[in-house]
Amino acid sequence: PGQLSEKAGMGAPFRFHPIYRGLASSFGQLTGGRFERWVLEAGQEEISERFTAPGIMVLYDLLASEAAVHEWGPPVAVAGYSLGFYAAAVLSKCVPVSAVLTWLEKVNASNARTCPPGRYALAASTGLSEPDVTALFSEWQLGGLRVANVNNPRQLVFAGPAPEVGAAVDRLKGRALDVRLLPLDVPLHTPYMEPACLEVQSWWSTVPTGAPVLPLLSPVDGRTVGSGAAFKKEMLASLQAPTRWDLV
């Protein structure tokens with residue numbers, strides 16, 4: 001899962017699983033001892049904070065994934081939606097989780113400067129195809145809007161300047177089956193992430209990465225990521241390109 005998947009107490013089902021104690025200990029070392037409190041005790045507001053939630057969800061995804069591998073063995077392939085791609089990459093041994101958490105810290109620091117609260121917004125539309133929606137944006141002269149996620153052929157997320165997103169939501173009502181603002185204000189998976197991409201790129205080029213030991217599917221176009229170098233490019237591309245779950 002990506003952002004908005006975090007739930008208070010979400011770690012409770014794994015608390016007595018055989019793999020829990022070892023992972024909780026290692027994740028605790030990476031988070032200054034906060035991991036267990038986040039997944040067992042912290043309230044919804046704390047774990048949903050705009051720059052805290054991403055790291056929590058990557059670690060939780062890994063906890064759930066490792067529990068699944070323990071129960072049923074290695075998967076035939078791994079894929080992840082948005083933040084889930086980072087967890088999938090760690091599971092596939094492309095990169096250590098510590099590097100992913102550093103990536104998130106650097107991206108979040110850039111976004112804190114370039115995406116202050118209220119500048120951008122995101123919304124979800126259900127019932128219209130991507131060509132239908134983008135044609136309407138053009139007709140309405142909402143040139144700042146970009147598709148961020150395509151979840152299926154008739155369900156997508158779009159992002160852009162908050163006034164334009166608000167105008168699109170108002171005008172799509174009655175045309176789409178459902179349209180609603182999302183409680184996110186960072187336009188992830190759009191070209192608006194270029195500043196973050198540029199800021200993280202120099203550091204990212206120095207991080208050792210490896211070829212996936214499990215087939216790792218791209219969130220951008222669904223193809224299999226074949227090497228450590230390809231994975232490096234995929235991480236950068238996934239910041240600025242739509243997550244296309246319809247192709248995975």
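Author: Let's settle one word before we start: two residues are in contact when they have heavy atoms within 4.5 Å of each other. Keep in mind, too, that this is a predicted model.

To try the word out, take Ser125, which sits in strand S1 (residues 120–126). Ser125 is buried, with a relative accessible area of 0%. Skip its neighbours within four places in sequence, and Ser125 still has contacts with Val133, Arg154, Gln155, Leu156, Phe158, Leu172, Ala176, Asp178 and Val179.

Now for the part I'd like to zoom in on: a pair of helices. Helix H5 covers residues 83–91 and helix H6 covers residues 97–114; they pack at an angle of about 155°, and their axes are 9 Å apart. That angle makes H5 roughly antiparallel to H6, because anything over 145 degrees counts that way. The crossing of H5 past H6 is right-handed.

Who actually meets whom? From H5 come Leu83, Tyr86 and Val90, and on the H6 side they meet Val97, Val100, Trp103 and Leu104. Sort the residues of this contact by type and you get 7 nonpolar, no polar and no charged. In soluble globular proteins, nonpolar side chains do tend to be buried together.

Not counting residues up to four places away in sequence, Trp103 touches Tyr86, Val200, Trp203, Trp204, Met235, Leu236 and Leu239. Met235, Leu236 and Leu239 are among the buried residues of H10. As a group, the buried residues of H10 pack against H5, H6, H9, strand S5 (216–217) and strand S6 (224–225).

Leu30 is partly exposed, with a relative accessible area of 37%. Beyond four places in sequence, Leu30 is in contact with Val97, Ser98 and Leu101. Leu30 and Leu101 are 71 residues apart in sequence, but from C-alpha to C-alpha they are 8.4 Å apart in space.

Definitions and conventions. Residues are numbered from 1 along each chain as its sequence is written. This is a predicted model: local features need pLDDT of at least 70, side-chain atom pairs count only at pLDDT 80 or more; totals for chains, interfaces and linings use all residues. Side-chain values use heavy atoms; hydrogens and water are left out. Axes are lines fitted to C-alpha atoms, for helices over the stretch in contact, and angles run from 0 to 180 degrees between N-to-C directions. Helices (H or I, at least four residues) and strands (E, at least two) are DSSP runs, numbered from the N terminus. Angles under 35 degrees count as roughly parallel, over 145 as roughly antiparallel, 65 to 115 as roughly perpendicular and the rest as oblique. A crossing is left-handed if the near helix is turned anticlockwise from the far one by less than a right angle, and right-handed if clockwise. Ala, Val, Leu, Ile, Met, Phe, Trp, Tyr, Cys and Pro count as nonpolar, Asp, Glu, Lys and Arg as charged, and the others, Gly among them, as polar. Buried means under 20% relative accessible area, exposed over 50%, partly exposed in between (1.4 Å probe, protein chains only).
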